[in-house]
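Subject: Structure for you to look over, with notes

Dear colleague,

I am passing on the structure that we talked about, and my notes on it follow below. Please keep it open beside the text as you read.

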Amino acid sequence: MKLLYGVQGTGNGHIARARIMAAALSQRSDIDVDFVFTGRAPDKYFDMDVFGQYQTLTGLSFITKRGRVDRWATLRQANVSQFIKDVRHFDASGYDLLVNDFEPVTAWAAKRQNIPSISISHQAAFAYDVPKSGDTLIDKVLMKNFAPTDIQLGVHWYHFNQPIIPPFVADKPASMPGKGHILVYLPFEDVADIQQMLEPISDQVFQCFHPNISEIKEAGHIQWNPTSKQHFQRALQHCSGVIANGGFELSSEALQLGKKLLIKPLHGQFEQLSNVLTLNKLDLCQTLFQLDTDIVEEWLEAPDIEAIAFPDNPDVLIDWLKKGDWKDTQTLCNELWQNVHYGDKTQERLLALAF
């Protein structure tokens with residue numbers, strides 16, 4: 001079987017999910033896979049060895065400014081002519097199936113060339129009846145047409161009785177995790193604004209990662225780090241809490257490790273607002289709608305959360321893809337959700353909310 005795998009490269013979450021799939025696929029002699037990434041400059045990708053000879057294209061991405069999606073800047077920078085050219089010139093004819101994680105070039109190329117396609121993404125979950133917040137008509141049209149596929153297989157923290165699978169999270173809790181620093185990952189905020197928020201809290205150590213930081217530097221009790229998968233995962237394992245935007249993958253990793261969450265959703269992106277809504281309903285996060293020192297100080301006193309055990313091996317999903325009965329999502333979902341284990345309080349909340 002020959003797979004084409006399209007990945008939205010704008011955020012690290014899509015790439016993190018694809019890394020787990022790539023590692024598992026590399027162990028299979030019965031499946032060949034080619035990865036395509038769009039939405040980020042080629043020199044801005046990092047820790048990509050697992051993907052082999054991957055391809056990058058321009059694609060489409062979103063422009064943010066100080067924690068908010070800038071719709072006009074997004075429209076201005078969109079290279080529509082290049083996007084159309086890439087779609088028309090992309091040859092998908094040699095592939096048996098496209099697996100797509102919200103990536104538009106391969107999705108539209110597969111559609112034009114009648115190649116079977118499946119979305120396996122968090123965005124695909126919003127095609128179904130799941131908690132949503134702030135979604136507009138534009139959002140609905142965008143979700144439907146940005147990266148269209150034949151089948152939508154969502155990924156979420158709960159199935160909501162829909163064609164949705166749990167996230168795969170490879171990292172397990174450390175046997176002796178530290179309890180010192182707070183991990184901060186707010187890539188859509190300005191470094192100066194984050195520094196200003198954290199500077200008064202001098203009795204707490206913060207390890208901040210940001211794409212605009214090129215080398216490690218100390219600023220008192222705040223350490224600034226460039227993006228690096230290895231260093232980031234170590235900081236996550238040994239932190240006592242996470243301050244982050246409302247992306248899905250980092251929240252999933254923190255939930256698996258039992259790290260308390262303070263989430264600042266990206267304004268103008270309903271996906272992140274909806275993530276916060278779900279986490280709040282399950283009492284699994286606190287919310288930061290603007291950079292506020294007082295809220296951070298209050299959150300630092302909050303207790304830890306219950307960990308959620310998500311599956312770490314996507315072989316069940318890969319076997320399902322290889323089998324080819326892609327309309328039968330129920331069997332796949334049932335098998336994967338058997339491997340998810342919630343804490344007692346979270347289980348009680350799920351029962352009470354009757355999702």
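Leaving out residues up to four places away in sequence, I165 touches I120, L153, G154, V155, H156, L317, L332, C333, L336 and W337, where touching, or contact, means heavy atoms within 4.5 Å. I165 also belongs, with L317 and L321, to the three residues that touch the most other members of the largest nonpolar core, which has 71 residues. A nonpolar core is here a set of buried Ala, Val, Leu, Ile, Met, Phe, Trp, Tyr and Cys residues joined through side-chain atoms within 4.5 Å, and buried means under 20% relative accessible area, with exposed over 50% and partly exposed in between (1.4 Å probe, protein chains only). The helix that gives the most to this core is α1 (residues 12-25), with seven residues. There is also a second, separate core of 19 residues, and V184, I222, V296 and W299 are among them.

Before going further, please note that this is a predicted model, in which local features need pLDDT of at least 70 and side-chain atom pairs count only at pLDDT 80 or more, while totals for chains, interfaces and linings use all residues. Residues are numbered from 1 along each chain as its sequence is written, and side-chain values use heavy atoms, with hydrogens and water left out. Helices (H or I, at least four residues) and strands (E, at least two) are DSSP runs, numbered from the N terminus.

Helix α4 and what leads into it

F102 lies in the loop between β4 and α4, and its phi is near 55 degrees, a positive value in a residue other than glycine. With a relative accessibility of 9%, F102 counts as buried. At the start of α4, a side-chain oxygen of E103 comes to within 2.8 Å of the backbone nitrogen of V105. Within α4 itself (residues 104-112), the buried residues are P104, V105, T106, A107, A109 and A110, and their cover includes the strands β1 (2-8), β2 (32-38), β3 (55-57) and β4 (97-101) as well as helix α3 (80-89). After α4 comes N114, which has a positive phi near 60 degrees.

Two helix pairs

Two packed helices are described by the angle between their axes and the distance between the axes. For α3 and α4 the angle is about 50 degrees and the axes are 8 Å apart, the axes being lines fitted to C-alpha atoms, for helices over the stretch in contact, with angles that run from 0 to 180 degrees between N-to-C directions. This makes α3 oblique to α4, since angles under 35 degrees count as roughly parallel, over 145 as roughly antiparallel, 65 to 115 as roughly perpendicular and the rest as oblique. The crossing of α3 and α4 is right-handed, a term used if the near helix is turned clockwise from the far one by less than a right angle, with left-handed used if anticlockwise. On the α3 side the contact is made by F83, D86, V87 and R88, and on the α4 side by P104, V105, W108, A109 and R112.

For α8 and α9 the angle is about 40 degrees, with the axes 10 Å apart, and α8 is therefore oblique to α9. Here too the crossing is right-handed, and the contact joins F232, Q233, L236 and Q237 of α8 to L250, E253 and L257 of α9.

Individual residues

E253, in helix α9 (residues 248-257), is buried at a relative accessible area of 16%. Apart from neighbours within four places in sequence, E253 is in contact with A16, V169, Q233 and L236, and its C-alpha atom is separated by 7.4 Å from that of D171, 82 residues apart along the chain.

S228 sits in the loop between β11 (222-225) and α8 (229-237) and is buried, with a relative accessible area of 18%; beyond residues up to four places away in sequence, S228 touches F46 and D47.

N161, by contrast, counts as exposed at 59% relative accessibility. N161 is placed in the loop between β6 (151-155) and β7 (164-165), and its phi is positive, near 55 degrees, in a residue other than glycine.

With best wishes

Terms used
A polar contact is a pair of N or O atoms within 3.5 Å; within protein, one must be able to donate a hydrogen and the other to accept it, and residues adjacent in sequence count only if both atoms are side-chain atoms.
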